[in-house]
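Please keep the sequence and the 3D view open while reading.

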Amino acid sequence: MRILKMQSKFLEVFLESLDKFGQLYGPKDKNGVLSYDRLEDISELVITDEHPMIPIKKLFHPMQFTMMHFNKKGFHPDYSVIEKRVVLGVHPCEIHSLLRLDDVFLRDPIDPYYSSLRENTAIIGFSCLPTDNSLCLSTDTDIVSEGFDLFFVNLDEFYLVWIGSSIGYDMILEREEFFDYDVSHDDIQMYIEWRHKRNRMFKKSFEFASMPDIMELSHESEVWDYFGDKCLSCGQCSMVCPTCNCYNVTDVFDVTNETVGRRNRVWDSCMFVDYSLVAGGHNFRASRADRLRLWYGHKLKTFGVDYGRPGCIGCGRCVDTCPVDINVLTISEALMTKEVPKK
Amino acid sequence: MTLVEVIENPFKPKAARIVRHYDLIKDHRFFQIRHIDMKKAMSFTYNPGQFIMLSIPGVGEAPFSISSTPSRPGILELGVRKTGKLTEAFFKKKDNDVIYIRGPYGNGFKLDQMFNKDLIIVAGGLGVIPLRSILYYVLDNRDQFNRVFFMYGARTPEDFLFKTEFFQLKKRDDIDCFFTVDKSAANWTEDVGVVTKLFKHLPKMNPRETNAVVVGPPVMYKFVIDEFLKLKIPKNQIQLSLERRMKCGIGKCGHCAIEHLYTCMDGPVFTYWDTLNFRELI
């Protein structure tokens, strides 16, 4: 991997030039909400330490899309969601979340929609500083070593630019004059200071590494009942969690027709009461406590057995979002201390 | 060329024809189906215990156990209870109508550990549908197995599935069949009581040389497994098949997750040993 240097003043012009590699996407302000979306103009891009409310999964595992059309002749895949794209301003935790989703969707048999969206999308990562609820130092997802084409670390007057792929190199070659191949000792020193400064800025942490064992030991814990009583089953945690990948499939007839229609995929959440309901009425997870344990199992424990590490990437969105304060911090603290939070 | 143009879409169901159907009992129907593509029909193979995803366009898609045996290729057999929107639509289909299927999915029963051993098959209610696959597989390859015992319990004689077929098996001397119903009726000549009562008919077993499979409603597993354990059958030689909600069949949609396992990929057949390690299994 090559690491280059670029003066900050070139940033906007350089990013704009990347539209040769695909439609530009990135965080932008949409009615007051920071949201990953198509950029009509580079000036719309908002590079900030804040996370977009809905994580980057929405660009690869869309909230709702048509998988197939059907008619009298059968089912016909619809690949219209796929386009060549360049996503700008992607934080390290988000890149880690895509690597987690890869484990699911690219496992054999691969999901053709997700894999094609991945294959056709370049990722331009950006460093960030911790916000109030950032937990990525705890989950070891504050730094990325793979999963991007270019990665920019902001050291104020200049950026250090990691090249992560051959396409990333092609992008540099478009505007080679902006880049300096010599990174000096002083530059390295500035980078080290930036990391130290950043590491000291984290306000919250939890014992992520201990959680798989603690979760296993706490399977019967009353902590699940306590949080189960509070949980509203609203599913917001799943919508904002970058590694929640569950979806439902529904068939929809075209308005004027009884043989022609679409098979759609739409996000689902294991927090919803009908998540494990089968025909005939048996519900394998009728209680909220059971559903919460499944959710937190995936984030803090069980994803690891198959895929190397649990699902949580420490973005803190569950801390920001849950209306009744159920999140990786309150759950892990209750499991560690056997104390349920005060009302 | 992009990837989607070269790989086959695993979600795309293939057309199949209903070859024949008849009612097993009230609201339970037997279907024979065949891929319309003749090559696909003849090359489609599976393990007993696997399932398919069946689609009716506009209604949806759901998993169904395969009830036929791969030793009789060409036609797939399903036993279906009318219990939801999809099965209601399925019951409206006539012979020669087209439905859509994809699969086979899941692991199936671990046959390799059953060869040259005794086998006890225990079915409760609808659980007999997937077990019919291994039952006929074993009978079609009878020389590969030692003694075979088939126990089946239904609620009443009216709920007894595949009655004619299974009672014919009683005439064979290479399989012992024991049937029971919870509540008897006038013409019932077999046992009465829950399925565990049938264990008294078993001769002396050599537990290490015995495999056991059980499929039935969730409440049944504990009681039947207790009987297997009383016989001292090793925990990894007891296999059971689980039902879960599934939307994809290939480990993507998440619905059938049990801890880190996907019932659709890692199951639906698990050993009793597995269930001890994954507490939510049964």
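In chain A, 34 residues of domain 1 are in contact with 26 residues of domain 2; two residues are in contact if their C-beta atoms, placed from the backbone, lie within 7 Å. On the domain 1 side of chain A, S4 and H2 each supply at least two residues of the side that touches domain 2. Helices (H or I, at least four residues) and strands (E, at least two) are DSSP runs, numbered from the N terminus. By class, that side of domain 1 of chain A has 15 nonpolar, 14 polar and five charged residues. Here Ala, Val, Leu, Ile, Met, Phe, Trp, Tyr, Cys and Pro count as nonpolar, Asp, Glu, Lys and Arg as charged, and the others, Gly among them, as polar.

This is a predicted model, in which local features need pLDDT of at least 70 and side-chain atom pairs count only at pLDDT 80 or more, while totals for chains, interfaces and linings use all residues. Residues are numbered from 1 along each chain as its sequence is written, and chains are lettered from A and ligands numbered from 1 in the order in which they are written.

The domain assignment of chain A gives domain 1 as 2-200 and domain 2 as 208-337; such bounds come from an automatic or database domain assignment. The centres of the two domains of chain A, taken over C-alpha atoms, are separated by 26 Å.

Within chain A, A:Val161 is placed in strand S9 (residues 158-163). Is A:Val161 buried or exposed? A:Val161 counts as buried because it has 25 C-beta neighbours inside 10 Å. A residue is buried if 20 or more other C-beta atoms lie within 10 Å of its own, exposed if 12 or fewer, and partly exposed in between, with C-beta atoms placed from the backbone. Leaving aside residues up to four places away in sequence, A:Val161 touches A:Ile3, A:Leu4, A:Met6, A:Leu150, A:Phe152 and A:Phe179.

Next comes the contact between the chains. There, 40 residues of chain A are in contact with 34 residues of chain B. On the chain A side, the largest share, five residues, comes from S11(A). This side of chain A has 24 nonpolar, eleven polar and five charged residues.

Chain B holds an open sheet of seven strands in the order S10-S9-S8-S7-S11-S12-S15, with mixed pairing. Two strands pair if DSSP finds at least two bridges between them. Strands S10 (191-192) and S15 (269-271) of chain B stand at the edges with a single partner strand each, so one side of each is left without a neighbour in the sheet. Strand S9 (residues 176-181) of chain B pairs with S10(B) in the parallel sense over two bridges, and B:Val181 stands opposite B:Val192 in S10(B).

Helix H6 (residues 218-230) of chain B packs on this sheet, touching S7, S11 and S12 of chain B, and its direction makes about 170° with that of S11(B). Axes are lines fitted to C-alpha atoms, for helices over the stretch in contact, and angles run from 0 to 180 degrees between N-to-C directions.
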